[in-house]
Amino acid sequence: MASFKDICFTPTEFANLAKIDKATITSLENSGKLKTIRKRLGNSDRKMIPLEEMQEYFRGVRSGRHGDLSQQGLKPKNK
């Protein structure tokens, strides 16, 4: 049975889950918002995104949406 540390996603799977374009993954890597690893699958190395890094990305996205408004005491206009 695999542990949570062993679970990884391909960039295509991550893009589908995050509802982003697959091409933006490279820019997320370059900006430091997403970390990828190389994992050996069969006889080739694949770029993979660990579950922990994916959770960190979604935490950052969630806190960045209205986090800056709540710290200033302002409420979002759509609520």
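Biologist: Contact means heavy atoms within 4.5 Å. Taking contacts between residues at least 6 apart in sequence, what percentage join residues at least 24 apart?

Modeller: In this chain, 43% of them do. The model is predicted, and local features need pLDDT of at least 70, side-chain atom pairs count only at pLDDT 80 or more, while totals for chains, interfaces and linings use all residues. Residues are numbered from 1 along each chain as its sequence is written, and side-chain values use heavy atoms, with hydrogens and water left out.

Biologist: OK. What secondary structure does the chain have?

Modeller: There are 3 helices and 3 strands, and along the sequence they follow the pattern β-α-α-β-β-α. Both are DSSP runs numbered from the N terminus: helices are H or I with at least four residues, strands are E with at least two.

Biologist: In what order do the strands sit in the sheet?

Modeller: The order is E1-E3-E2, in an open sheet with antiparallel pairing. Two strands pair if DSSP finds at least two bridges between them.

Biologist: Which strands stand at the edges?

Modeller: Strand E1 (8–9) and strand E2 (37–41). Each has a single partner strand, so one side of each is left without a neighbour in the sheet.

Biologist: How many bridges join E2 to E3?

Modeller: There are 5, with E3 covering residues 44–50. Arg-40 stands opposite Asp-45 in E3, and Leu-41 has Ser-44 as its bridge partner. E2 and E3 form a hairpin with 2 residues between them, and Gly-42 in the turn has a positive phi of about 70°.

Biologist: And how many join E1 to E3?

Modeller: 2 bridges, again in an antiparallel run. Cys-8 is partnered with Pro-50 in E3.

Biologist: Switching to the inside. What share of the chain is buried?

Modeller: Buried residues are 20% of the 79 in the chain. Buried means under 20% relative accessible area, exposed over 50%, and partly exposed in between (1.4 Å probe, protein chains only).

Biologist: Which residues make up the largest nonpolar core?

Modeller: It has 11 residues: Phe-9, Phe-14, Ala-15, Ala-18, Ile-25, Leu-28, Leu-34, Ile-49, Leu-51, Met-54 and Tyr-57. A nonpolar core is a set of buried Ala, Val, Leu, Ile, Met, Phe, Trp, Tyr and Cys residues joined through side-chain atoms within 4.5 Å.

Biologist: What does Met-54 touch?

Modeller: Phe-9, Phe-14, Leu-17 and Ile-49, not counting residues up to four places away in sequence.

Biologist: And Leu-51, buried or exposed?

Modeller: Leu-51 is buried, at 15% relative accessible area, and its place is in helix H3. Leaving aside neighbours within four places in sequence, Leu-51 is in contact with Phe-4, Ile-7 and Phe-9.

Biologist: Which residues of H1 are buried?

Modeller: Pro-11, Phe-14, Ala-15 and Ala-18. They cover an arc of only 100° around the axis, which puts them on the same side of H1. The arc is that of the directions from the helix axis to the C-beta atoms. Just after H1, Lys-19 takes a positive phi of about 60°.

Biologist: How many aromatic pairs are there?

Modeller: 3 in the structure. The rings of Phe-14 and Tyr-57 have centres 5.2 Å apart and planes at 70°, so the pair is edge-to-face. Rings of Phe, Tyr and Trp (its six-membered ring) pair if their centres lie within 6.5 Å, and planes under 30 degrees apart count as stacked, over 60 as edge-to-face and the rest as tilted.

Biologist: How exposed are Phe-14 and Tyr-57?

Modeller: Phe-14 is buried at 0% relative accessible area, and Tyr-57 counts as buried at 12%. Phe-14 also pairs with Phe-58, tilted, at 6.1 Å centre to centre and 45° between the planes. Phe-14 lies in helix H1 and Phe-58 in helix H3, so that pair ties together parts 44 residues apart in sequence. Phe-58 is partly exposed, at 29%. Phe-14, Tyr-57 and Phe-58 form one aromatic cluster.
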